[in-house]
Amino acid sequence: MSQILSIARPDSVRSVRLDTDRGTFAAFTAAPPGPRGTALLVPGFNGSKEDFLPLLPGLAEAGYRVVAIDQRGQYETGPASKAPSYAPEDLASDVTALAGVLGPVHLVGHSYGGLVSRLAVLDSAADTWASLTLLNFGPAAVSASTRERLRLLLDALRTTPVPDLWPFLRPEDGGISEEVLSFLSDRWARNAPEALRLAAEQMITEPDRTEALRGCGIPLSVVFGTPEETWPEREAAAMARRLGARYTEIMGGGHSPNVYEPEAVIEALTSFWNA
């Protein structure tokens, strides 16, 4: 589950809705005058655009227009269009459609958003993308311990409405404010059950697509917060070597370095994009 410490929205960040030929997506955006490029940030399992709030002002100050979205089935995007499909391949097509509206983008996918982003790059023309960064995502299926937790969730989803599962998922960290806990509860309740089910199944079974991605023809980087349980760090580092990608480890960032070490993530992203 993605982690959030604050939902305060800086004055420089605007809430927008982006229309594409695949539907309408809720987003946050921040931009300087005359941006040097555009970045599209894709959240992970049970995530949302709010996961990237700590990054948006700094990335804009570095000269980039940044757009963070709720994926189809998440929080304020919801189904996005009539008769939605939440299969990973369809979520990837959504990301490609968003890039078609925004222009060639520096694509950043966090966790399950990395899985979706990788599929988007593999299934589209190279000139759609300025680069791809995988943020706390590994080469294939999640770790054994995470697979077991996802299987428990899948069992629960068969018989229990999504909102009723919140007491079992509520963070135990007493340092999280009631405002953030209320947001997290509301966000969880708005997840489409089918989107959760298909994402969990894909993370359990995802094959290693590293060799295919290596030939995609765009610059690649891997940014990985540690300690991490969802994918082992050694697997992410090995994936980066196989890809010939820039690799940045962010110690103390955990699964959500965008929240816990945002300045380090901003530096990793902008130095890669600038190069």
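In which strand does serine 131 lie? Serine 131 belongs to strand β6, which spans residues 129–135, where strands are DSSP runs of E of at least two residues and helices are runs of H or I of at least four, both numbered from the N terminus. The model is predicted, so that local features need pLDDT of at least 70 and side-chain atom pairs count only at pLDDT 80 or more, whereas totals for chains, interfaces and linings use all residues. Residues are numbered from 1 along each chain as its sequence is written, and side-chain values use heavy atoms, with hydrogens and water left out.

Serine 131 is buried, with a relative accessible area of 2% (buried means under 20% and exposed over 50%, with a 1.4 Å probe and protein chains only). Its side chain makes a polar contact of 2.7 Å with the side chain of histidine 106, a polar contact being a pair of N or O atoms within 3.5 Å, of which, within protein, one must be able to donate a hydrogen and the other to accept it, while residues adjacent in sequence count only if both atoms are side-chain atoms. When residues up to four places away in sequence are not counted, serine 131 touches Val105, His106, Leu107, Ile218, Pro219, Phe272 and Trp273, contact meaning heavy atoms within 4.5 Å.

The side chain of serine 221 is joined to that of threonine 133 by a polar contact of 2.7 Å. Apart from neighbours within four places in sequence, the residues in contact with serine 221 are Leu132, Thr133, Leu134, Ala245, Arg246 and Phe272.

Helix α6, which covers residues 178–189, has 12 residues and reaches 16 Å from its first C-alpha to its last, close to the 16 Å expected (1.5 Å times one less than the number of residues). The buried residues of α6 are Val180, Leu181, Phe183, Leu184, Arg187 and Trp188. Seen down the helix axis, these buried residues fall within an arc of 160°, and they therefore line one face of α6, the arc being that of the directions from the axis to the C-beta atoms. An α-helix has 3.6 residues a turn, so residues three or four places apart point the same way. On the other side of α6, Glu178 and Glu179 are exposed. The cover over the buried residues of α6 includes α4 (144–157), α5 (166–169) and α7 (193–205).
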